[in-house]
Amino acid sequence: MQCLLLERDGTELAAIPLAAPGLEVGSAPGNDLRLCGHGIRPFHLVLRLRQRRWWAVARGGAPLRVEGAGEHHAVALEPDRRVVLGPYRLGVSGPADRPEEERPPADRTRPALERPPSAGTLVLRWTGADGRLVHRRLGPGAIVLGRATDCDVLLDDPAASARHARVTVDGDRVLLEDLASLNGCHLDDRRVFVAELRPGATLRLGGTEIQVLREEEAGRAVGRSGRMVPTPGLAPALERLRLAAHSREPCVLTGETGCGKEVLARRLHEMSPRRNGPFVAVNTAALPPELAESILFGHQRGSFTGATEAHRGAFERAHGGTLLLDELGEMRLELQAKLLRALEEGAVLPVGAERPVPVDVRIVAATNREPLEAVAAGRLRLDLWHRLAVFVVRIPPLRARPQDIAPLAHAFLDAPGIAARGFTPAALRALSQHRWPGNVRELRNVTVRAALAATGPLIDEPTVRNALDEPLRPPEVPPAEATYLLALHHGNIAAAARAAGLPRTTFRDLLERERRRRITRKNEPLEAEPEPPDGLNRRLRTRIAG
């Protein structure tokens with residue numbers, strides 16, 4: 001079957017299967033293929049199958065512009081011929097093996113295009129400006145996304161255009177259309193102008209990442225380990241990952257324990273052309289010395305005692321995909337030498353095998369140590385480091401990006417069994433003041449612990465302090481100021497306590513402390529005058545005696 005090829009700026013955007021009776025193209029909503037842009041008419045052209053050839057026929061009286069062939073009212077489409085529609089180019093793929101018969105479909109006004117099975121209702125999910133996860137269920141019709149207040153979906157993102165994109169639900173298809181935005185629409189890190197949205201895709205409009213999910217998946221946990229939550233503090237690291245995504249060269253992720261190195265490694269895999277291949281993670285620090293080579297490179301049956309059957313190692317299982325080597329700095333030196341050889345040759349030699357096995361693997365290494373310090377200490381081979389350090393991405397600790405705490409904490413609340421929906425401002429301040437030595441992993445544990453202990457929809461500061469194992473620190477109010485506040489509120493202890501930001505009982509204790517201090521000062525005896533020096537006393541006593 002021949003396909004209609006949609007191109008822009010020399011890039012192929014879509015290939016749409018063609019079937020009788022044809023396809024209507026234009027900017028109006030009723031068209032089978034709706035394209036918007038300068039120079040595209042509401043009902044621009046129609047594609048018809050005539051004598052086993054596809055023809056583009058002009059609509060509305062104006063001729064069609066054919067690239068390199070002037071203007072025509074009707075033109076036969078060939079693989080090397082393009083019809084110009086504003087910024088787009090339309091063509092067809094090579095000749096079909098056998099064109100289909102011209103039989104009208106059940107609905108004569110629409111083409112009988114081959115469509116994939118319905119994906120069901122889709123949901124768009126992204127992180128809002130306040131750190132909360134936002135969901136938008138896609139129903140029949142079209143919605144516009146952008147910064148303008150009249151948009152159906154308002155994006156609080158300076159990198160987004162006023163009217164950035166349109167998403168249209170047309171039967172079983174969900175179509176994305178770029179509305180001439182400044183920074184473009186990127187679907188799975190590929191810029192698109194017209195594309196179909198599928199479950200599992202990641203859409204980026206300006207600086208906002210939007211996940212496309214099935215409706216039943218939208219209610220599942222998103223804050224669980226292994227799920228990427230886009231945050232502002234990770235923007236530089238994600239930008240470097242995008243640069244590295246389309247290469248097969250190794251990448252090294254460095255950062256403290258718990259800052260999300262494996263999550264970012266999976267994100268790199270999802271952004272790369274290898275996204276449909278396997279992702280295999282190996283913790284090299286936990287490899288038993290006697291089995292480490294077998295786990296990485298595999299072994300043949302009978303190669304050692306207990307090898308009752310052949311085993312494919314991590315390299316072979318990751319063929320065509322990505323292999324994460326976690327805790328690289330803890331790998332034994334003799335194993336590092338064999339890893340270097342596998343990287344140089346692009347092949348591995350299973351234990352007991354005579355011939356190497358070619359592998360096509362993208363290596364991502366992760367370490368919580370400073371690599372150059374490990375090299376200087378002799379724990380990491382210098383030649384291996386130079387072989388791996390093509391792309392080095394440093395992940396900052398959570399304490400260095402406090403703006404990420406609120407989005408991550410809200411994302412961790414979206415999990416089964418958690419009724420809390422947010423935090424009070426005081427609770428968020430308590431989270432932002434913590435040093436987070438365990439980074440994102442510690443934040444998730446504290447958030448879940450506080451959410452399960454919360455008694456209402458909002459988690460308050462005492463609950464967060466208890467989850468952090470920190471005592472609640474009340475504001476420091478001098479006792480004299482407590483007396484002043486009480487007078488200011490005409491003796492109303494509850495109102496004065498609220499003004500001081502203290503519990504009522506604590507405020508009463510301050511008043512009692514101040515009362516006792518004043519009573520003590522009142523009952524103290526007056527200070528006696530100091531006695532004069534002994535010599536003066538003697539002279540006075542002598543004069544009185546004389």
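I began with burial: 45% of the 546 residues of the protein chain count as buried. The model is predicted, and I read every value below as computed from that prediction.

Next I looked up the accessible surface of the protein chain, which comes to about 29,100 Å². Carbon and sulfur atoms hold 51% of that surface.

For secondary structure I noted 16 helices and 31 strands in the protein chain. I then turned to contacts between residues at least 6 apart in sequence, and found that 57% of these join residues at least 24 apart.

Aromatic pairs came next. How many does a search of the whole structure find? I got one aromatic pair. The partners are F297 and F315, with 5.6 Å centre to centre and 35 degrees between the planes. I logged the pair as tilted, because planes under 30 degrees apart would count as stacked and those over 60 as edge-to-face. F297 belongs to helix 4, residues 292-297, while F315 belongs to helix 5, residues 314-317. The two are 18 residues apart, and the pair links distant parts of the chain.

Are F297 and F315 buried or exposed? F297 has a relative accessible area of 4%, and F315 has 2%. Both count as buried because each value is under 20%.

I also checked for a charge over a ring. The charged end of R8 sits over the ring of Y88, and I noted 5.3 Å from the ring centre.

E327 has a phi near 55 degrees and is a residue other than glycine. I placed E327 in the loop between strand 25 (322-326) and helix 6 (333-345). Its relative accessible area is 18%, so E327 counts as buried, the cut-off being under 20%.

N439 is another entry under this heading: its phi is positive, about 60 degrees, and N439 is not a glycine. Where does N439 lie? I found N439 in helix 11, which covers residues 439-453. N439 is buried, with a relative accessible area of 0%.

Conventions
Residues are numbered from 1 along each chain as its sequence is written. This is a predicted model: local features need pLDDT of at least 70, side-chain atom pairs count only at pLDDT 80 or more; totals for chains, interfaces and linings use all residues. Side-chain values use heavy atoms; hydrogens and water are left out. Helices (H or I, at least four residues) and strands (E, at least two) are DSSP runs, numbered from the N terminus. Buried means under 20% relative accessible area, exposed over 50%, partly exposed in between (1.4 Å probe, protein chains only). Contact means heavy atoms within 4.5 Å. Accessible areas come from the Shrake-Rupley method with a 1.4 Å probe; for residues, only the protein chains shown count as cover. Rings of Phe, Tyr and Trp (its six-membered ring) pair if their centres lie within 6.5 Å; planes under 30 degrees apart count as stacked, over 60 as edge-to-face and the rest as tilted. A charge sits over a ring if NZ of Lys or CZ of Arg is within 6 Å of the ring centre and within 35 degrees of the ring normal.
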